[in-house]
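Let's take a friendly walk through a protein model. Have a look at the sequence and the 3D view, then read on.

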Amino acid sequence: MTQLRDAHNRQIDYLRMSVTDRCDFRCVYCMAEDMTFLPRQQVLGLEELERIARIFVGLGVKKIRLTGGEPLVRQGVVGLCERIAALPGLRELVMTTNGSQLVKLATPLARAGVKRLNISLDSLDAAKFHAITRTGQLQQVLDGIEAAREAGFERIKLNAVVMKGRNAEEVADLVNFAIASGLDLSFIEEMPLGDVGRSRGESFCSSDEVKALIAERHTLIDSAEQSGGPARYVRLPDHPQTRIGFISPHSHNFCATCNRVRLTVEGRLLLCLGHENAIDLRALLRRHPISDQPAIDAIHAALQRKPLRHEFSSGGEVQVLRFMNASGG
């Protein structure tokens with residue numbers, strides 16, 4: 001088996017797959033309020049998504065994360081999870097979700113073989129939560145988190161995008177909620193993807209600022225733990241069941257250890273979140289319905305063009321026109 005390596009000798013063993021660009025929320029950091037979604041014929045079918053997952057696992061990918069949009073609004077997603085989780089050689093199938101559908105789907109997902117969940121939770125204030133998500137109801141997500149806790153996943157992590165003027169003052173409350181729930185929590189710097197109708201520079205809150213807010217209340221110990229993604233973790237000595245992570249694309253660039261590529265739901269393999277260079281796997285799959293070799297050759301060739309790093313700035317300007325919901329979570 002030929003392992004996937006890029007031109008910088010980084011091993012690629014993690015694929016983030018978007019199963020839909022659609023979402024039942026309209027989060028202010030992810031998309032515009034009035035979105036136009038892809039027509040059905042441009043979206044990969046479930047069989048095509050499974051085929052791509054099989055190709056990448058055959059090339060040594062050990063971890064697949066299903067994302068969106070909101071993956072749980074895609075019809076047939078639980079069955080897709082079951083088929084991907086059963087692929088020989090895959091170490092773990094994980095998912096990022098907004099939590100809105102978990103009351104209904106948490107147990108089926110766990111039974112299908114999803115090992116871990118990341119659940120977005122940007123506020124514990126119902127009014128602020130609704131303002132950030134534009135459509136979401138906080139209690140529905142809290143009930144979903146509880147359903148996930150009861151469903152038996154190996155680990156659950158909460159994700160919060162911190163923005164000044166919107167939820168930065170809730171950092172301590174979110175940490176306390178994670179501690180009380182026995183869950184991990186990652187704080188994420190906002191990324192400049194897509195024109196969301198406002199300047200991002202005014203709201204930017206760095207991971208160092210967030211860490212300082214937490215340190216006012218808790219002792220933090222740096223940890224070398226890895227979850228296979230870009231988060232850097234700290235531990236709280238008084239609460240060993242909870243890890244706090246920081247995903248810092250601006251302030252602490254994590255590109256040197258990048259081990260992942262992203263598949264958009266229209267079949268574009270993004271080599272870097274911060275660049276537009278991509279290959280069209282959908283066209284290759286549809287042109288070669290029997291043989292996977294053309295797609296395999298194209299993947300190997302494309303990885304030689306994977307950039308060394310992204311070049312995000314925190315000034316607020318849009319640097320990539322593609323919205324986050326079209327990028328694979």
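Helices here are DSSP runs of H or I with at least four residues, numbered from the N terminus. Keep in mind that this is a predicted model.

Within helix 3 (residues 102–112), the buried residues are L102, L105, A106, L109 and A112. They sit on the same side of helix 3, because they cover an arc of only 135 degrees around the axis. V103, K104 and R111 are exposed, on the face turned away from that buried side. Among the elements covering the buried residues are helix 2, strand 3, strand 4 and helix 5.

Now move on to helix 6 (residues 171–181), where V171, A172, L174, V175, A178, I179 and S181 are buried. These residues pack against helix 5, strand 5, strand 6, helix 7 and strand 9.

| Helix | Residue after it | Phi |
|---|---|---|
| Helix 6 | G182 | positive, near 70 degrees |

Strand 6 contains S186. Is S186 buried or exposed? S186 is buried, because its relative accessible area is 0%.

Finally, the largest nonpolar core has 91 residues, and F56, I64, F187, L281 and I299 have the most contacts inside it. Helix 1 gives the largest share of this core, seven residues. L281 touches I52, F56 and I299, among others.

Conventions
Residues numbered from 1 in each chain as written. Predicted model: local features only at pLDDT ≥ 70, side-chain atom pairs only at ≥ 80, totals over all residues. Heavy atoms only, no water. Buried < 20%, exposed > 50% of the residue type's maximum accessible area, 1.4 Å probe, protein only. Helix = DSSP H or I, 4+ residues; strand = E, 2+ residues; numbered from the N terminus. Contact = heavy atoms within 4.5 Å. Core = buried A, V, L, I, M, F, W, Y, C linked by side-chain atoms within 4.5 Å. Arc of directions from axis to C-beta. Lists of a residue's contacts leave out its neighbours within four places in sequence.
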